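Please keep the sequence and the coordinates in view while reading.

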Number of protein chains: 2
Amino acid sequence: MTETTGLTLLEEHRAHGGRVMFYEHASSVLGLPARFGVFLPPAAEQGGKVPVVYALAGLTCTQETFLIKATALAEAARLGVALVTPDTSPRGAGIEGENTDWDLGTGAGFYLDATRQPWAQHYRMGSYIAQELPLLVEAALPLDGARRGIMGHSMGGHGALVHGLQAPLFWKSISAFAPVVHPSVVPWGKKALSTYLGPDHAAWRAHDAVCLLEDGYTHPAPILVDTGLADQFLQRELQPWHLVTAAEKAGQVLICREHEGYDHSYWFVQSFVADHLRHHAGLLGA
Amino acid sequence: MTETTGLTLLEEHRAHGGRVMFYEHASSVLGLPARFGVFLPPAAEQGGKVPVVYALAGLTCTQETFLIKATALAEAARLGVALVTPDTSPRGAGIEGENTDWDLGTGAGFYLDATRQPWAQHYRMGSYIAQELPLLVEAALPLDGARRGIMGHSMGGHGALVHGLQAPLFWKSISAFAPVVHPSVVPWGKKALSTYLGPDHAAWRAHDAVCLLEDGYTHPAPILVDTGLADQFLQRELQPWHLVTAAEKAGQVLICREHEGYDHSYWFVQSFVADHLRHHAGLLGA
């Protein structure tokens, strides 16, 4: 597989009648080695291509986190949906300060292309998610690029909303757990956007789901968003009400659910992940 | 809660309509602080007590591993079964060499009471599992000690089989994933039993599921055991055929399933955990 596709298989495990795999490849977009995970459902072994949902993890996570902690595999196997889990940033770019803060640099790529130095060369998770990774993995595995969805948690929920709204023909379904919906106005987001993109707020709007909706970007499918009301970041970083308001004004159908007592953790994500997978499967015709 | 029960709540998360909690307490049996996890299903919040399954993890694991990696909560919530997850050994006993090997000492208590020095004072996971932990947690939480099952993975599968066979009135249902069934004859087991119990093989028999069956210990309920045929430890450490033979001779009903392509990991465990929970729920009248 290495020679024909450029993918090196690091690990493979049978699971739920399908397979979990972790790969490494030389990313031309990132200019560094990159890793990602895949779950192929049993249906992928019967010939033909299966729909695929890309799952973007949050701050400090890796390509392993969602596959291990979201407990998504049983339902994905049942529905016949594949999962692809990218890393959350480039690794080893060698930028000073890259590993100092947990909410910036390594583990915190925010799924965008940095334009500011010294980040611009490697911190290009935007193009990696929008182009390089899907094309690479869908060429190598039986995944149907015409039935492709995107979901994410926290920073990854931001990534899912932004990428989905920017390219609705590419991403046919969108959902998010506890997403950062309006990074332009919250601490995590302001820190990342100013560092990666510079001080000009106009450049931030394409990387902010609320701004995208305000600027006329909508998605033809309903977007599913779940948030826990005991989420420790709800008031400071998430502020989902901005998304509700912007969606209403834009005419975007949004299913925004609030869950009493649930926090920001993967215990919350795993409690509702089956609903999200069914949301995607329904829209993708799985 | 600390004052009345001796339990300190370290973490609590809402999950699947129930709650995941991690506790610490001063274990009198171990002579050290000990931690464990609990999942209470939604049914536990409606008054009345729920059946409970103790899940024992394998080498190198902690009280967190099964709850995070086995993806058991959705089905446990649905069935109304609680889960309790002990640690795999005492921590911080201060014994020389305790942290040198991954298969001995810390993370490798083998769910028995050591009789040999310097282990005998603290390495008493046998009495901890058989007595202290169940009585403590069932006094503090709405768990029904009359409907108590035990399951485990690898070293924890050994623990589940041995404890279940030794005390069938205490443990009403038993299951295991990839268990060490005959520690007296395999490397992990011989190392642990000789270190903790000394060279006299007669003393090992009470800590070996195959020997227990040979010595007349059986359980009235069917025992469920799953093993992966691609398990990297199958030939060297697990050797499930010894259990099949001993169960046949003893008249023990054993459901021993083999799964093509599955390895020793939690990807295997999670693929069949719902079956195990249903096995326990059926026997416990959940």
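The copies meet through the same surface, because 100% of the interface residues of chain A are also interface residues in chain B; contact here means heavy atoms within 4.5 Å. This is a predicted model, in which local features need pLDDT of at least 70, side-chain atom pairs count only at pLDDT 80 or more, and totals for chains, interfaces and linings use all residues. Residues are numbered from 1 along each chain as its sequence is written, chains are lettered from A and ligands numbered from 1 in the order in which they are written, and side-chain values use heavy atoms, without hydrogens and water.

Chain A is superposed on chain B by a rotation of 180° with 0.0 Å of shift along its axis, at an RMSD of 0.0 Å; the superposition is by least squares on the C-alpha atoms of residues with pLDDT of at least 70 in both copies. The two copies are thus related as by a two-fold rotation axis. Within chain A, the C-alpha nearest this axis belongs to A:Thr71, at 2.7 Å from it.

An unreviewed UniProt entry lists A:Ser154, A:Asp231 and A:His264 under "active site"; the positions follow the numbering used here, feature names are shortened, and such annotations may be inferred rather than shown by experiment. Although these residues are spread over 111 residues of sequence, they cluster in space, with a largest C-alpha distance of 10.7 Å.

A:Ser154 occupies the loop between strand E6 (143–153) and helix H5 (155–166) of chain A; helices (H or I, at least four residues) and strands (E, at least two) are DSSP runs numbered from the N terminus. A:Ser154 is buried, because its relative accessible area is 3%, where buried means under 20%, exposed over 50% and partly exposed in between (1.4 Å probe, protein chains only). Beyond its neighbours within four places in sequence, A:Ser154 has contacts that include A:Gly58, A:Trp188 and A:His264.

A:Asp231 lies in the loop between strand E8 (223–228) and helix H8 (234–238) of chain A and is likewise buried, at a relative accessible area of 6%. Leaving aside neighbours within four places in sequence, the contacts of A:Asp231 include A:Tyr262 and A:His264.

In chain B, helix H3 (residues 73–79) contains B:Glu75, which counts as buried at 13% relative accessibility. The B:Glu75 side chain makes a polar contact of 3.0 Å with the side chain of B:Arg278; a polar contact is a pair of N or O atoms within 3.5 Å, where, within protein, one must be able to donate a hydrogen and the other to accept it, and residues adjacent in sequence count only if both atoms are side-chain atoms.
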